[in-house]
Amino acid sequence: MSKNYLITPEGTKDYLFDELRIRKKIEYKLRDTFEFRGYNQVVTPCLEFLDVFNMSEKGMPIEKMYKMIDSKGRLMALRTDTTMPIARLCATRLKNEKMPLRLYYNQNVYSINQSLKGRSDEVLQSGIELIGDSTDKADIEVLVTAIKCLQNLDIDNFRLEIGHIGIFNNLVKLLNISKEEKENIRQLIENKNYPALNDILDQVEEKEVANIIKMLPRLFGEKEIFDKAKLLMQNNSDLIKILDYLEKLYSILSELNLSKKIIVDLGIVNRAEYYTGIVFKGYIEGFGEEVLSGGRYDNLLKDFGRDLTAIGFAVNIDAIFNAVVKVKNISKTIPQVMVFAEKGYEIKALEHLDKLAQLKIIAEYSLKDGLEETMNFAKEKGIGRIDIVNENINTIEI
Amino acid sequence: MRPIRIALTKGRLEKDTIKLFEKLGFDCEQLHNKGRKLILSIPNENIEIVLAKAADVITYVEYGVCDLGVVGKDTILECGGSFFEILDLGFGKCRFALAGKKGADFYSGYNEKIIATKYPNVTRAFFDKKGMDIKVVKIEGSVELAPLLELSDAIVDIVETGSTLKENGLEVYEDVVNVSARLIVNNVSLKMYQDKIENLVKQIESVLN
């Protein structure tokens with residue numbers, strides 16, 4: 001078998017130089033956004049027992065996890081999601097904490113993607129979880145934090161889209177059809193596949209419900225969606241309650257003067273088993289995938305033995321990076337100064353380097369023997385200044 | 001605003017789509033005389049047309065480098081992907097069918113069946129539903145050859161008129177699914193350019209009916 005020691009696995013890569021600097025800046029801005037709102041960082045293991053991600057029907061698809069076997073034959077998985085390990089934490093080490101608990105994370109998640117699609121199997125995510133509070137105040141705090149994340153990254157052309165999983169879940173409950181058919185309908189709404197959705201729903205008996213579901217994928221846009229939806233759902237008080245709630249959130253968020261940035265989509269139905277309340281996604285113009293996604297998941301922690309409500313979201317740092325960095329050429333930062341120590345002045349030179357660092361000047365220590373060699377090397381590297389350290393420190397420009 | 005970019009599947013669907021565009025009153029001059037150009041524009045409409053192979057249409061739309069795409073349901077079923085499939089355009093109609101040598105009883109016997117196809121995913125999904133284990137052999141060219149050469153027990157392929165099957169002594173055992181051309185939209189584009197795309201879709205819907 002040929003050995004693969006010169007390549008990285010498909011979906012992974014090495015990160016270099018300025019790409020990392022830009023990514024770090026994104027990470028730091030998000031970290032600040034979270035920390036100044038009282039969120040505390042947690043890091044969970046890269047390797048967990050597979051059961052953590054697969055404790056119930058709310059779990060992640062097993063076939064997409066990178067799996068291993070531990071020394072006792074138990075199945076392990078590379079972290080494929082961060083919310084579930086955090087739920088585990090809340091049920092164990094954090095079980096005596098005062099609620100609400102505000103946590104944030106910044107770590108990689110791994111999943112097996114379809115081959116040859118150019119997807120990353122290793123994705124850096126930063127996100128928050130607000131645990132132990134199910135009020136509208138908590139929903140608004142998290143939504144505003146999501147918006148601030150994108151704003152603080154100086155992204156202008158973003159959209160935050162809000163929906164509520166309760167609309168789909170309430171409607172589909174009223175249909176007398178099998179679980180598989182319900183899942184099929186959910187997928188068709190998610191893909192906004194109007195023709196196929198109509199075909200399926202024409203066959204169900206509950207005509208009124210079917211007519212509302214048919215419209216779900218089309219109910220997205222601005223404020224006017226609420227009027228349309230309320231007219232359509234007027235006979236169902238549960239749905240009207242949800243719509244009133246969403247409209248309330250929408251109007252509170254419009255105080256941020258971000259009209260047009262916030263849109264409503266009543267056809268967001270991803271992970272319907274997992275979410276229980278509002279769901280939302282963030283987009284950036286010119287980038288074909290969502291960069292942020294989240295929602296309320298009040299039943300997940302129960303599966304871990306701790307009945308706590310929660311809401312959270314994750315920002316995909318790799319997607320943000322790709323969306324904000326239009327220049328594809330990653331360069332390398334060149335030091336401004338090369339420091340050359342004459343014989344016997346090595347420690348003094350290294351201390352000089354430290355002083356330069358305090359002045360935020362990037363400097364490189366010359367390991368060459370002579371000054372001439374140092375100058376040639378600096379020229380090759382494009383460094384324009386040499387500090388020669390002996391009794392004194394002499395600066396020459398080259 | 002940058003132009004709305006539409007990816008068209010080259011070949012037969014391309015011609016039908018151009019006909020549709022002409023019904024909408026688009027100036028299709030460039031599309032008729034495209035030479036070797038791969039990106040064409042529709043004057044006065046702020047629309048760009050990209051010509052691509054079927055599976056690539058999906059890839060371009062999925063990544064959002066094209067906002068919309070016209071592609072056959074056959075390719076969507078085979079390739080999958082994440083995008084909105086919002087309109088059945090009604091043209092490019094044909095079907096997937098299970099076919100094999102005329103008169104043979106495909107389902108008889110206990111031996112594992114071998115199926116030759118260009119569409120392994122569609123084939124797998126079809127037999128998964130039946131709870132039937134099969135072997136799939138991927139063929140790139142004329143799939144009809146496989147049962148004739150006795151490489152496979154049957155084929156799963158696109159059937160339009162069925163004349164190729166007939167001429168080679170094959171027949172349809174069972175229909176798998178009907179297909180036709182679909183209009184697909186990138187998930188983000190639909191939200192970002194909602195007015196423009198919904199308008200275009202409404203226009204298309206009105207000429208389709």
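When I say salt bridge today, I mean a side-chain nitrogen of Lys or Arg within 4 Å of a carboxyl oxygen of Asp or Glu. With that in hand, hello everyone, and let me walk you through this structure, which is a predicted model.

Let's start where the two chains meet. How many salt bridges are there between chain A and chain B? The count is 3. One pair to look for is K191(B) and D265(A), whose side chains meet in a salt bridge at 2.8 Å, N to O.

Which parts of chain A are involved here? The elements giving two or more residues to the side that touches chain B are strand 7 (158–164), helix 7 (194–201), strand 8 (220–221), strand 9 (262–265) and strand 10 (278–284) of chain A. Strand 7 of chain A gives the most, with 3 residues. If you sort that side of chain A by class, you find 11 charged, 8 nonpolar and 7 polar residues.

Now for the extent of this contact. Chain A brings 26 residues to it and chain B brings 21 residues. Together the two chains bury about 2,000 Å², with 49% of that on carbon and sulfur atoms. On chain A, please find K117(A), F220(A) and G288(A): these residues supply 27% of the area that chain A buries against chain B, more than any other three residues.

Stepping back to domains, chain A is assigned domain 1 (17–324) and domain 2 (337–397). Their C-alpha centres lie 52 Å apart.

Chain B is also divided, into domain 1 (4–92 + 180–208) and domain 2 (94–177). Here the centres, taken over C-alpha atoms, are separated by 31 Å. The contact between these domains of chain B takes 5 residues from domain 1 and 9 residues from domain 2. They bury about 610 Å² between them, and carbon and sulfur atoms give 51% of that. For domain 1 of chain B, D74(B), L77(B) and E78(B) supply 76% of the area it buries against domain 2, more than any other three residues.

What holds for charged and polar pairs at this boundary? Between domain 1 and domain 2 of chain B there are 0 salt bridges, while 3 residue pairs are in polar contact, both residues at pLDDT 80 or more. Helix 4 (residues 73–79) of chain B gives the most to the domain 1 side, with 3 residues. By class, that side of domain 1 has 3 charged residues, 1 polar and 1 nonpolar.

Conventions:
Residues numbered from 1 in each chain as written. Chains lettered and ligands numbered in written order. Predicted model: local features only at pLDDT ≥ 70, side-chain atom pairs only at ≥ 80, totals over all residues. Heavy atoms only, no water. Contact = heavy atoms within 4.5 Å. Buried area = accessible area lost by both parts, 1.4 Å probe. Helix = DSSP H or I, 4+ residues; strand = E, 2+ residues; numbered from the N terminus. Nonpolar A, V, L, I, M, F, W, Y, C, P; charged D, E, K, R; others polar. Domains from an automatic or database assignment. Polar contact = N/O pair within 3.5 Å; in protein donor to acceptor, adjacent residues only side chain to side chain.
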